[in-house]
Amino acid sequence: MAFILGMEGAEPLGNDIEMLRIFYKLGLRVLTFTHSRRNYVGDGAFLKPQKSGTPGGLTPFGVEVVEQAEKLGIIIDVSHLNDPGFWDVIEFSKGPIIAPHSNCRALVKSSKEPHR
């Protein structure tokens, strides 16, 4: 039996990249950037409609997290990111990413989601 230690949402990092290195030393190997809410890394895909400013992609700190996670060997999980954040990860990432628990829009569409 084996398991992979993951973090659901990068909130424990705050805006300190050193925290990513510390969590890696403690065994972190998968990082989900957001869990439905905006944090220092980027914007999430809200679980239900929220009053919010204009959603954006990754922050400059979020781009740094992508780069450092890849250097450390932490797998990036794009589940819960909003669309711009997902595409930012695609742009800035050089390695494989995962989306292990995301919805399929072909099956379930939100009336508020942009269509690509």
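Which residue in β2 is the bridge partner of G6? In this predicted model, that position is taken by V30. The pairing belongs to a parallel arrangement in which strand β1 (residues 5-8) and β2 are joined over four bridges.

Strand β2, which spans residues 28-32, is mostly covered, with four of its five residues buried. Besides its pairing with β1, β2 pairs with strand β3 (residues 75-77), again in the parallel sense, over three bridges. Within the pairing of β2 and β3, L31 stands opposite I76 of β3.

Local features were also identified at both ends of helix α1. At the start of α1, a side-chain oxygen of D16 comes to within 3.0 Å of the backbone nitrogen of E18. Just after α1, G27 adopts a positive phi of about 115°.

The loop between β2 and α2 (60-72) contains N39. The relative accessibility of N39 is 13%, and N39 therefore counts as buried, the cut-off being under 20%. A polar contact of 3.2 Å links the side chain of N39 to the side chain of E11. When residues up to four places away in sequence are not counted, N39 touches A10, E11, F33, T34 and T59.

Technical notes. Residues are numbered from 1 along each chain as its sequence is written. This is a predicted model: local features need pLDDT of at least 70, side-chain atom pairs count only at pLDDT 80 or more; totals for chains, interfaces and linings use all residues. Side-chain values use heavy atoms; hydrogens and water are left out. Buried means under 20% relative accessible area, exposed over 50%, partly exposed in between (1.4 Å probe, protein chains only). Helices (H or I, at least four residues) and strands (E, at least two) are DSSP runs, numbered from the N terminus. Two strands pair if DSSP finds at least two bridges between them. A polar contact is a pair of N or O atoms within 3.5 Å; within protein, one must be able to donate a hydrogen and the other to accept it, and residues adjacent in sequence count only if both atoms are side-chain atoms. Contact means heavy atoms within 4.5 Å.
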